[in-house]
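Take a look at the structure below. The text then walks through it chain by chain.

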Amino acid sequence: MIQLQNITKIYPPNTIALENVSFKIKEGEFMLVAGRSGAGKTTLLKLILVQECPTKGKVLFEGKEVHKIEKSQLPYLRRKIGAVFQDYKLLSLKTVYENVAFAMEVIGALDEEIERDVPKILEVVGIQDRANNFPKELSAGERQRTAIARALIHRPRVILADEPTGNLDPYNTSEIIELLKRINELGTTVILATHNKEIINKLGKRTITLEEGRLVRDDEEGRFLL
Amino acid sequence: MFTIIKRILKSGWQNFKRQGNLSFATCSVLVTKISLITFLFLSHRILDFAISEIRLRADISVYFRQDCLEKEIFELKEKLTEFSEIQEVEYISKEEALENFIERHKEEKTLMDSLIELGSNPFLASLNIKASEADSYEKVASFLEGDDFSGLIEKVDFYRRRSIIERVFKITSFIDNAGVAVSLILISVSILLTYNTIKLTIHSQKEEIAISRLVGASNWFIRGPFLSQGVICGALAFLISFMIVSSSFYFLNSKISIFFPGFEVLSFFKSDFQNIILIQLICALGLGITPSFIAIRKYLEI
């Protein structure tokens, strides 16, 4: 489904973020990207989301090279990907309901579809009671649930989660990870970047490990190794 | 398509409402700009009128000999009206000159007694000539002092008034040019300030734009709410500035009439009513939308 071929990313003047990274992700897979801060995890996810361009190499999504797509077509690619970030990236002027509904509005969903699906997804992630609150009125855990709801609502092919539990306490961390597991069990591909050893060890899923921009390990059942 | 437009407009209105302080600041700036531009426009019209009135006071008079026939004077008048530089030629007969003199000085016994003692009309028939430019008077004076008319003309009253005429035109030209320069400067400053205000607004929304792009919104879906927010601000600013300008002119009219009796400032407002509405509407929408459009382009390219 997703393929990285010999990806190198160098930030000017000479900061090597990724060096000759190659791997494939199958449809429906749950893959972790592990590594310390600065290893290149976020850069890797940004390349898949076409927020950055590689210095060398290709990123293929469903067989198409994403960095050769015309700019006008990028929104359509991004609608196939649900993204969850450490800093939530919620629209501050919209309520929880409106934030989640926004993802459906951009794909041109009908009002009836939005009114039917948004309350359901809010219930799935457990924030139905906060539908009319603004992000600044929510706890960190609630904000991240909102972000996950928004990432899920338009039924994307893949969820990219970049340190989604970075700002959360252990209780919320556990709940968010369980949520992502359930999403994956329903068929959505999940790529989770994290440096949290508890998450890596608990999940036991395929884990690729980055170190100073290089892919050093690719374990089918990953464990956190120093 | 209709659904998308509806959503864009709704989003724009929501943003406008939910950013109360920012919306108020943006509207205030727009109201100031629009009112300023309107006042500049009307001031320019009033100034043009005042300048042309002042210039009309500058004129030269041509006095004809006592034995000159009216027919000959009218022929000369016809020739003068062919000059493109001449705005107006007024004939004042000997009898009219006498009547005007008596009317102006009827309370002055000495003058009236002197007139009675003379026994005849001492005044000469004349042509009063008004030109559009100071330079034109010299041309007209030279024409009148030619050989063709030496038998008709007693005196051309130009050289005595020459310096006054030139000074009047110089001062009014300076005022006119200064008015245009001040207008251009204020309009440029106005555009720059509005652009910066909107750019600051967009900058504060930079993250919202980035998030919208990541979620898969198209450029127009991102741009639309900002433009509709600009339209709402512009429309509101238009209504407020129209009320300010119209009430100001109603108030000023009575005050200015005290200093310049018969001068109705309100008449300019009424005669240019449609132009004022058009100017304010164009400025309101232009200043509300264009800076948003230009400023957001930068962040959509990222």
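**Strand pairing in chain A**

Strand S1 of chain A, residues 2-11, pairs with strand S4 of chain A, residues 56-61. The two strands are antiparallel, and five bridges link them. For one position in this pairing, look at A:Thr8, which stands opposite A:Lys56 in S4(A). Bear in mind that the model is predicted.

S4(A) has another antiparallel neighbour: strand S5 of chain A, residues 64-65. A:Leu60 has A:Glu65 of S5(A) as its bridge partner. S4(A) and S5(A) form a hairpin, with two residues between the strands. In this hairpin A:Glu62 adopts a positive phi, near 55°.

**The outline of chain B**

Now turn to chain B. Its secondary structure comprises 11 helices and four strands. The radius of gyration of chain B is 31 Å, while the globule rule gives 19 Å for 302 residues. The value is well over that of the rule, so chain B is more spread out than a compact globule. Along the principal axes, the C-alpha atoms of chain B fill a box of roughly 100 × 40 × 35 Å.

How much of chain B is buried? Of its 302 residues, 26% count as buried. Contacts within chain B can also be sorted by sequence separation. Take those between residues at least 6 apart in sequence: 85% of them join residues at least 24 apart.

Conventions:
Residues are numbered from 1 along each chain as its sequence is written. Chains are lettered from A and ligands numbered from 1 in the order in which they are written. This is a predicted model: local features need pLDDT of at least 70, side-chain atom pairs count only at pLDDT 80 or more; totals for chains, interfaces and linings use all residues. Two strands pair if DSSP finds at least two bridges between them. The radius of gyration is taken over C-alpha atoms; the globule rule is 2.2 Å times the number of residues to the power 0.38. A residue is buried if 20 or more other C-beta atoms lie within 10 Å of its own, exposed if 12 or fewer, and partly exposed in between; C-beta atoms are placed from the backbone. Two residues are in contact if their C-beta atoms, placed from the backbone, lie within 7 Å.
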